[in-house]
Amino acid sequence: MEPGRGEQIKLINPSLGTEKLDVHLNRLVPGGPRGKVHHHSNADNVYIVKRGQGTLTVEGKTYQIRENDVVYIPAGMKHALANLSGELFEIFEIYAPSGRHFDFVVDE
């Protein structure tokens, strides 16, 4: 995660021997910088919002996502996430596949 955005807590990832799944908790600080617009060539992405609310941009359209929302982003779709609120924004993020199949392609 880029400096000043928050922290990422790894839960399940290739360091545990999995190539098919990556699960982590992102804690985005209030008012922190927006993430870069990017995509993953082969990996589907799922966000499960645990706490707070954020702004998700997918293929140029912007959505407000909040606690208990579940978002599916298919491989190849350009997206970016931000916490523009005044409170901590926590999401579980899931990638599949992960490991050597995973990439992070910046689109901006």
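I began with Arg27, which is partly exposed at a relative accessible area of 26%. For these labels I took buried as under 20% relative accessible area, exposed as over 50% and partly exposed as in between, with a 1.4 Å probe and protein chains only.

The model is predicted, so I kept to its rules: local features need pLDDT of at least 70, side-chain atom pairs count only at pLDDT 80 or more, and totals for chains, interfaces and linings use all residues. Residues are numbered from 1 along each chain as its sequence is written, and side-chain values use heavy atoms, with hydrogens and water left out.

Next I looked up salt bridges (a side-chain nitrogen of Lys or Arg within 4 Å of a carboxyl oxygen of Asp or Glu). I noted a count of six.

Arg27 pairs with Glu7 at 3.3 Å, N to O. Arg27 is in strand β2 (residues 22-28) and Glu7 in strand β1 (residues 6-12), so the bridge ties together parts 20 residues apart in sequence. Strands here are DSSP runs (E, at least two residues), numbered from the N terminus. Glu7 is partly exposed at 37% relative accessibility.

I then checked Glu90 and Arg51, whose closest N and O atoms are 3.3 Å apart in a salt bridge. This pair links distant parts of the chain, with Glu90 in strand β9 (residues 89-96) and Arg51 in strand β4 (residues 44-51), 39 residues apart. Glu90 is buried at 3%, while Arg51 is partly exposed at 40%.

Last, I recorded the salt bridge between Glu108 and Arg34, 2.9 Å from N to O. Glu108 is exposed at 54% and Arg34 partly exposed at 40%.

Methods
Helices (H or I, at least four residues) and strands (E, at least two) are DSSP runs, numbered from the N terminus.
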